Amino acid sequence: KITGKSLLVMHIFMLPFSLGIVIQLYRFLRFYMTRQTIIPVMILVLADTSLLTQSIVFSTDLVMIFFLLLSLNSILYKKRILLSVALFGLLFSHMRGAMGTAMIGLFDLYKNKYWQKPFQKLSILTAYVPGTALFIAYCVFHYEVKGWIGYHENSPWIGCCETVDGTGFLRNILIVAWRLVDFGKFFIFPVLFYLVFRFLKNKYTVDQTLADLLVLLGLSVLAFVPSALIYKVLSSHRYFIPITMILTMITAYLLFFC
């Protein structure tokens with residue numbers, strides 16, 4: 001409304017999030033990797049064609065990825081107030097931000113081992129309350145005003161939200177596999193499989209860094225893949241950027257450190 005709608009305005013609006021992803025990715029890798037390997041790993045991760053594409057369009061997925069990385073770093077660097085802000089941004093960036101929030105919560109639970117003394121760790125919930133409460137309030141308000149949440153029968157995208165049968169489910173598995181290897185990402189997997197084989201052959205032990213990355217991979221698959229399998233057309237390449245980013249990090253870590 002203030003600046004008008006133009007290509008320049010769009011790029012300026014998205015620029016902070018693009019730069020923010022670079023900064024937050026650097027902070028994330030600095031926590032786990034040596035200074036000598038951070039830049040090469042960053043180049044590998046940022047070279048993802050799906051991520052690059054989102055960086056030159058008006059993309060809520062780019063916003064979601066920024067807040068996802070910011071949330072992870074807030075947990076790793078023990079910044080609970082910043083985590084609260086990041087979760088608010090994550091929830092309101094995209095409907096898939098709610099899935100990302102569940103992923104963040106489970107990683108927080110794993111990383112800080114809150115299950116060991118749950119009653120002494122109730123304070124951790126304070127970071128999740130503001131954003132979650134506002135998100136629920138918004139959804140209730142939206143439903144009262146519009147009569148729907150997420151999608152509605154008159155939506156031009158209603159076909160994307162149709163559930164599939166057994167054959168469609170199997171077809172979606174193949175589509176998700178295709179999305180993960182498409183646009184040049186295919187070459188990551190032979191390297192990854194070889195590195196895993198070498199890792200097992202040499203009987204290396206899983207250190208804390210690799211364990212964290214594997215947990216994040218599992219949580220990201222759990223968060224972002226089920227909807228792509230259940231619904232008809234919810235399997236765009238951009239939906240799986242968090243998964244491919246973590247897969248690339250795991251490949252790079254095995255390459256440089258094992």
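**Close-up views of pockets, cavities and helix contacts**

**View 1. Lining of the second largest pocket.** The second largest pocket is lined by 9 nonpolar, 5 polar and 2 charged residues (nonpolar: Ala, Val, Leu, Ile, Met, Phe, Trp, Tyr, Cys and Pro; charged: Asp, Glu, Lys and Arg; polar: the others, Gly among them). The model is predicted, with local features requiring pLDDT of at least 70 and side-chain atom pairs pLDDT 80 or more, whereas totals for chains, interfaces and linings use all residues. Numbering starts from 1 along each chain as its sequence is written, and side-chain values rest on heavy atoms, with hydrogens and water left out. The volume of this second largest pocket is about 260 Å³. Its lining comprises 16 residues, and L44, G184, K185, I188 and T248 lie nearest the centre. At least two lining residues come from each of α2 (35-46), α9 (188-201) and α12 (241-257), and α12 gives the most, with 5 residues. Helices (H or I, at least four residues) are DSSP runs numbered from the N terminus, as are strands (E, at least two). On a 1 Å grid over the protein atoms alone, a pocket is an open set of points with protein on both sides within 12 Å along at least five of seven lines, a cavity is a set where a 1.4 Å probe fits but cannot get out, and lining residues have an atom within 4 Å of a point.

**View 2. The second largest cavity.** This cavity has a volume of about 40 Å³, volume being the space filled by probe spheres set on grid points joined across faces, edges and corners. L180, K185, I188, F189, T244, L247 and T248 form the lining of the second largest cavity. By class, the lining of the second largest cavity has 4 nonpolar residues, 2 polar and 1 charged. K185, I188 and T248 are among the residues nearest the centre of the second largest pocket and also line the second largest cavity.

**View 3. The largest cavity.** Over the whole structure, the search finds 2 cavities of 30 Å³ or more, and the largest has a volume of about 90 Å³. F28, I65, L68, L69, L72, M103, L216, P242, M245, I246 and M249 make up its lining. The lining of the largest cavity has 11 nonpolar residues, with no polar and no charged ones. Helices α4 and α12 each contribute at least two residues to this lining.

**View 4. The contact of α1 with α12.** Helix α1 (residues 7-32) packs on α12 at an angle of about 35 degrees, with the axes 13 Å apart. Axes are lines fitted to C-alpha atoms, for helices over the stretch in contact, and angles run from 0 to 180 degrees between N-to-C directions. The crossing of these two helices is right-handed (near helix turned clockwise from the far one by less than a right angle; anticlockwise for left-handed). From α1, L25, F28, L29 and Y32 meet M245, M249 and Y253 of α12, contact meaning heavy atoms within 4.5 Å. The contact of α1 with α12 divides into 7 nonpolar residues, no polar and no charged. F28, M245 and M249 take part in this contact and also line the largest cavity.

**View 5. The contact of α4 with α5.** The axes of helix α4 (residues 60-76) and α5 come within 8 Å and cross at roughly 155 degrees. Helix α4 is therefore roughly antiparallel to α5 (over 145 degrees; under 35 is roughly parallel, 65 to 115 roughly perpendicular and the rest oblique). The crossing of α4 and α5 is left-handed. T60, V63, M64, F67, L68, L70, S71, S74 and I75 of α4 meet L82, L83, A86, L87, G89, L90 and S93 of α5. This contact of α4 with α5 has 11 nonpolar, 5 polar and no charged residues.

**View 6. The contact of α6 with α10.** Helix α6 (residues 96-112) and helix α10 (residues 208-224) have axes that come within 9 Å and cross at roughly 150 degrees. Helix α6 is therefore roughly antiparallel to α10, and their crossing is right-handed. R96, M99, G100, M103, L106, F107, Y110 and K111 of α6 meet Q208, A211, D212, V215, L216, L219, S220, A223 and F224 of α10. The contact of α6 with α10 has 11 nonpolar, 3 polar and 3 charged residues.

**View 7. The largest pocket.** About 930 Å³ of space lies in this pocket. Among its 25 lining residues, H94, M95, R96, G150 and Y151 lie nearest the centre. Helices α5 (80-93), α6 and α7 (129-146) are the elements giving two or more residues to the lining of the largest pocket, with α7 giving the most, 4 residues. By class, the lining of the largest pocket has 17 nonpolar, 6 polar and 2 charged residues.
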